[in-house]
Amino acid sequence: MAGDRINTALPEGIFSILDTDLYKLTMQCAILKYLPDVNVTYAFTNRTPQMRLSRAAFEWLQKQIDKVANIALTSEELDYLKNTCPYFNDTYLQFLCSFRLQPSQQVRASFTPLKDTGSQGDVGDVHLDIGGRWLDTILYEIPLLALTSEAYFKFCDRDWSYNNQEEQAYKKGCRLLEHGCVFSEFGSRRRRDYHTHDLVLQGLKRAAADGDARGWKGQLSGTSNVHFAMKYGIAPVGTVAHEWFMGVASITNDYEHANETALRYWVGCFGEGVLGIALTDTFGTPTFLKAFKRTMPTPANSMADDKKTLIPGAASPPLPPMDGNSSMEPADERSYAQIFRGVRQDSGNPIEFVRIMRDFYQSQGIQEKKTIVFSDSLNIELCVEYMHAAEEAGFAPTFGVGTFLTNDFVHESNGQKSAPLNIVIKLSSANGHPAIKISDNIGKNTGDSETVHKVKETLGYVEKKWAEGDETTRWGKSENEATKADVQEQ
């Protein structure tokens, strides 16, 4: 079966600097402008710890990590970014042209077998430690996660094939489109491998074409993966990740103002209305909304209190890009909630989130229709449910569908679920201070536990646990998880 599923025409691993999510590039652009000399570390976590790599898988992974040092932006990719992503300034594009990952200096990978027999079949835990300047290391997350997943399914769970993956994605796309869902593909980080990702995009493109011909209300609005957006002529989508808020909070050590500071510098880099979907849950949505309703400072309305939302040592002040039509008159003062086109829901109960955001916008007198992007472990049924709830509350819902598309397989031998890995790489420190994420679900707490506890106390965070938010079984559970990995542990 292994030979049947290998496509020898495709190179292994990662071979394009753009084989990453758009928001990694947008955040790198902001870091270059404001925080180019900040040093950071990242931590890898396997939320499905019973699914371990073998020694052979780890050695393959190490080789692939070493190879990313050879990746560089091509002239065709540069032209694509210039023509497709006008929010990237010339300074950033020039930087990206000469940018190189240096894994020999920035990534330390290690393998700890449960029982060391020296065999290639020994299973154990993988550790990935990333460190260096934030500017230089921010692009590791997506490739390393994708490579780890590929290693597992290349060497450990091999009872699967590519059969019907394109057709499966086509049918999923058709169902979403027929129901009227506007959705993007968000599956880079936990995809089974590059070829699976490629097949999924082929299927979704075919579904979108058929949907247009049949007059379905839904829309394939893009993909978070810039390489595949370029390859298939669809929009690259994404704005900002938790990492931006986590980094700003860690650098300033001011969690009470971290959300507002992060928003202020984001608008300062890209301007009002650009990349305008705000992520609410880094330190809990209630805390975020306190910042979201504040007025965006400008030279015309600057107050002494605004200094609390300035980052010490930032390379430049957070002033939005100016054009000939810009106005800084006091009459144009607006809150972040007015400036941003909408918000993204990534943890906790989505239905409750819709209610919270409806009540918030109403309390602020904002009548403009806003967007909610749902992106937390979605499938077709959940997209349809959340779409109806959001539309009834007056929102324009869109969906970022990831692992459900790019890692949905069954075991060929018995038709049972071949469960994906649930793995994450998160910022763990910035300038020597711990970096944490709280979210709207205790299962997604990330970082130093003591810092998490202190920040929760400081912010008056109310603990939440969503019954459907079990991070160990987000996309199903294999029927045979008492595999040789578990047996070897006994």
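This is a predicted model: local features need pLDDT of at least 70, side-chain atom pairs count only at pLDDT 80 or more; totals for chains, interfaces and linings use all residues.
**The whole protein**

Start with everything shown as a cartoon. You are looking at 490 residues, 58% of them buried, and the chain includes 20 helices and 14 strands. Now think about who touches whom: among contacts with a separation of 6 or more, 82% are between residues 24 or more positions apart.

Going across, the order is 6-5-10-9-8-7, and the pairing is parallel. Which strands sit at the edges? They are strand 6 (219-223) and strand 7 (277-279), and each of them pairs on one side only. Turn the view and look along the sheet: from one strand to the next, the twist averages 25°. In general, the strands of a sheet are paired through backbone hydrogen bonds.

Zoom in on strand 7. Its pairing with strand 8 is parallel and runs over three bridges. Select Leu279 and you'll find Arg344 of strand 8 standing opposite.

**Helix 14**

Now select residues 285-292, which make up helix 14. Is this helix mostly enclosed or mostly open? Six of its eight residues are buried, so the rest of the structure largely encloses helix 14. To see them, colour Thr285, Thr287, Phe288, Leu289, Ala291 and Phe292, the buried residues of this helix.

Keep Phe288 and Phe292 on screen and show their side chains. They are four residues apart in helix 14, which is about one turn of the helix.

What kind of pair does Phe340 form with Phe292? This one is tilted too, at 6.1 Å centre to centre and 55° between the planes. Phe340 sits in the loop between helix 15 (336-339) and strand 8 (342-345), while Phe292 is in helix 14, so the pair ties together parts that are 48 residues apart in sequence. Both Phe292 and Phe340 are buried.

How many aromatic pairs turn up in the whole structure? A search finds 25.

**Charges over rings**

Go to Phe404 first: Lys172 lies over its face, 3.8 Å from the ring centre. Then jump to Phe153, where the charged end of Arg192 sits over the ring at 3.5 Å from its centre.

**The nonpolar core**

Nonpolar side chains tend to be buried together in soluble globular proteins. Here, the largest nonpolar core has 140 residues. Select Leu81, Phe88, Trp134, Trp244, Phe292 and Phe399, the members that touch the most others.

Leaving out neighbours within four places in sequence, its contacts include Cys181, Phe183, Phe374, Leu378, Tyr386 and Met387.

For a last stop, look for a second, separate core. It has five residues, among them Tyr194, Leu201, Phe228 and Tyr232.

Key: Residues are numbered from 1 along each chain as its sequence is written. Side-chain values use heavy atoms; hydrogens and water are left out. Rings of Phe, Tyr and Trp (its six-membered ring) pair if their centres lie within 6.5 Å; planes under 30 degrees apart count as stacked, over 60 as edge-to-face and the rest as tilted. Helices (H or I, at least four residues) and strands (E, at least two) are DSSP runs, numbered from the N terminus. Buried means under 20% relative accessible area, exposed over 50%, partly exposed in between (1.4 Å probe, protein chains only). A charge sits over a ring if NZ of Lys or CZ of Arg is within 6 Å of the ring centre and within 35 degrees of the ring normal. A nonpolar core is a set of buried Ala, Val, Leu, Ile, Met, Phe, Trp, Tyr and Cys residues joined through side-chain atoms within 4.5 Å. Contact means heavy atoms within 4.5 Å. Two strands pair if DSSP finds at least two bridges between them. Axes are lines fitted to C-alpha atoms, for helices over the stretch in contact, and angles run from 0 to 180 degrees between N-to-C directions.
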